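Hi everyone, thanks for coming. Let me put the sequence and the structure up on the screen before I start.

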Amino acid sequence: MTMVLYRRFFAILVLSVVALLAIGCSSVSKDDASTLATNGANFASTTVAGTLSTQAELQRYIEGRYIVGALTGENTPTQNEVVNINRIITARACRAHLFQALTATYQSFGNLAAYDTSGQVGKSMTGLIDATNAYAKVLGADANPISSGIESLVSATAEQIADQIQKGKVKRASEILRSQLQNIRNLMAKEQDFWLLAQDGVIHGSGKVAIELWKHNVADPSSILQDQLGQFGLTYDTAGAKAAVATSRPAFEKAIDNIIASRVQYQVDLQAVVFIQMLQTLDGLIAEHTKLEAGKPVDLATLTANVDALIAFVNEVDAAIAKTPTTSAKN
Amino acid sequence: MDPTLDQIKTTFFSLDDNFDTLYAQCTTDDQRSHLRDLESSAEDAYWKAVADGLVDNNTVVQKFTVQLQDANNQIKTSLENLKDIAAFLNLATEAVKLAAAITTLAASA
């Protein structure tokens, strides 16, 4: 009986040492990994929301062109144009899926650091790699898929040295995640010009619809005029404003045209800022993963600031879009 | 931004932004129809360029880009003092043809 116990103990000891050697000793901070995971998930989920909203904007662009056609005599969108815009919408759906997969991966990475949920992180990593490759295909690029190593995240177990093994898994998961972040970063850099060009077209189109609706008496400029009030105690006089606009219609048309053109440019510039911020945040995540893996302290303040800045810019885009003149019917 | 994409955008936006003014200058139905088709074709080229993710790594595309830039500059000058709509439509036709050619060539590059 004693001999059997000794053999079992020896077998467990050997397995544990083998597992430890396989995964490697690690000085990775699980707390830093958890916070890194939170920031990574925030970044990814913000990017999902931003990507999904651009899909809706592209759809609205097509609809807007039909309205402009009816108002101005311009041709309505050609079949080719609709096909090409739908291709862009599909690519955006693929991008949103990629960042959903990144969100899930960061959540499971956080769980790995907190509870050693190896199976979950292995599954989400596989999902992330598949999503990256699918997005690379849409962009006509290679993403250098990384799949080796995921198995070791799932298989290694040894209760006696669980903490060290867990740290090793966190380190290995971080390495795989970082390599995928680099792939995503490369894909985003490749799509930057086309992304911004599409946004430019969409915002430009949205401005044109607004101007044409205003010129054809379908839109009311009240909200633009009211934007100028507020801090000096003046209140908006609806009847007075209508009379003033009617009396000086040509001058107001020019003014509203210029204001909308200015708002269009602001939104276009903001899109470029958001894109650059996304790349910077990705760079920050990659850098902090590298530090984490080397056992160095992670600069979470800078990383959090980057993610917060991105969220603030995305919110500003939403606010700017909300500022687009409303199309309430004239009384 | 990539110079080819920038020029394709300039052609489309020039025609789109000034459509009302140009349309008012047209004196015949043929001119109005021509203008509508030019604006549509410029828009088609724009979205094809975005959807294809075209790259100007082709020497022919680069050569056409220079020609398109020249045509866009002439369009801009012409719009500042629009006098002859027929001449403008000829100029715009040249620009739109170049934009369409670039998107086709670049897509197959």
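This is a predicted model: local features need pLDDT of at least 70, side-chain atom pairs count only at pLDDT 80 or more; totals for chains, interfaces and linings use all residues.

Residues are numbered from 1 along each chain as its sequence is written, and chains are lettered from A and ligands numbered from 1 in the order in which they are written.

So, the contact: 21 residues come from chain B and 22 residues from chain A. Contact here means C-beta atoms, placed from the backbone, within 7 Å. On the chain B side, α1 (3-17), α2 (19-25) and α3 (29-52) each supply at least two residues. Helices are DSSP runs of H or I, at least four residues, numbered from the N terminus. Which helix gives the most to that side? α3(B) does, with 11 residues.

Staying with α3(B), B:G53 follows this helix, and its phi is positive, near 60°.

Now, two helices packing within chain B. α1(B) and α4 (residues 59-80) of chain B pack at an angle of about 30°, their axes 9 Å apart. Axes are lines fitted to C-alpha atoms, for helices over the stretch in contact, with angles from 0 to 180 degrees between N-to-C directions. That makes the two roughly parallel, a label for angles under 35 degrees. Among the residues of α1(B) that meet α4(B) are B:P3, B:Q7 and B:S14. Thanks, all!

Definitions and conventions: Two residues are in contact if their C-beta atoms, placed from the backbone, lie within 7 Å. Angles under 35 degrees count as roughly parallel, over 145 as roughly antiparallel, 65 to 115 as roughly perpendicular and the rest as oblique.
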